[in-house]
Amino acid sequence: MEKGGYSFTYNSEFEQKNNLPSFDRLIHDCICMRIYDIDEINVFLIKNQYKERLGSRSLI
């Protein structure tokens, strides 16, 4: 991804203070586990104490 101009950041100050895994680390882990479905990634984020979610495929 870095060759494509993207990179992950780890351990932001907020995440360190709140003892949370890095949001980017969780997304990286999903890619490594071949989890590409947005809804599955959101479930993974929620299980890891993140309220922030990615966009959804469902239409409102």
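Of the 60 residues in the chain, 20% are buried, where buried means under 20% relative accessible area, exposed over 50% and partly exposed in between, with a 1.4 Å probe and protein chains only. The model is a predicted one, in which local features need pLDDT of at least 70 and side-chain atom pairs count only at pLDDT 80 or more, while totals for chains, interfaces and linings use all residues. Residues are numbered from 1 along each chain as its sequence is written, and side-chain values use heavy atoms, with hydrogens and water left out.

The chain contains 3 helices and 0 strands, and reads α-α-α along the sequence. Helices (H or I, at least four residues) and strands (E, at least two) are DSSP runs, numbered from the N terminus. The accessible surface of the chain is about 5100 Å², and carbon and sulfur atoms account for 53% of that area; such areas come from the Shrake-Rupley method with a 1.4 Å probe. Among contacts between residues at least 6 apart in sequence, 24% join residues at least 24 apart, a contact being heavy atoms within 4.5 Å.

A helix pair comes next. Two packed helices are described by the angle between their axes and the distance between the axes. Helix H2 (residues 23-32) packs with helix H3 (residues 38-47) at an angle of about 135 degrees, and their axes are 10 Å apart. The axes are lines fitted to C-alpha atoms over the stretch in contact, with angles running from 0 to 180 degrees between N-to-C directions. H2 and H3 are therefore oblique to each other, as angles under 35 degrees count as roughly parallel, over 145 as roughly antiparallel, 65 to 115 as roughly perpendicular and the rest as oblique. Phe 23, Leu 26, Ile 27, Asp 29 and Cys 30 of H2 meet Ile 41, Phe 44 and Leu 45 of H3 in this contact. By type, the contact residues comprise 7 nonpolar, no polar and 1 charged.

Two single residues can also be located in the model. Val 43 belongs to helix H3 and is partly exposed, with a relative accessible area of 43%. Its C-alpha atom is separated by 8.8 Å from that of Arg 53, 10 residues apart along the chain. Gly 55 lies in the segment after H3. Leaving aside neighbours within four places in sequence, Gly 55 is in contact with Ile 38 and Asn 42. From C-alpha to C-alpha, Gly 55 and Asp 39 are 8.5 Å apart in space, and they are 16 residues apart in sequence.

How values were computed:
Nonpolar A, V, L, I, M, F, W, Y, C, P; charged D, E, K, R; others polar.
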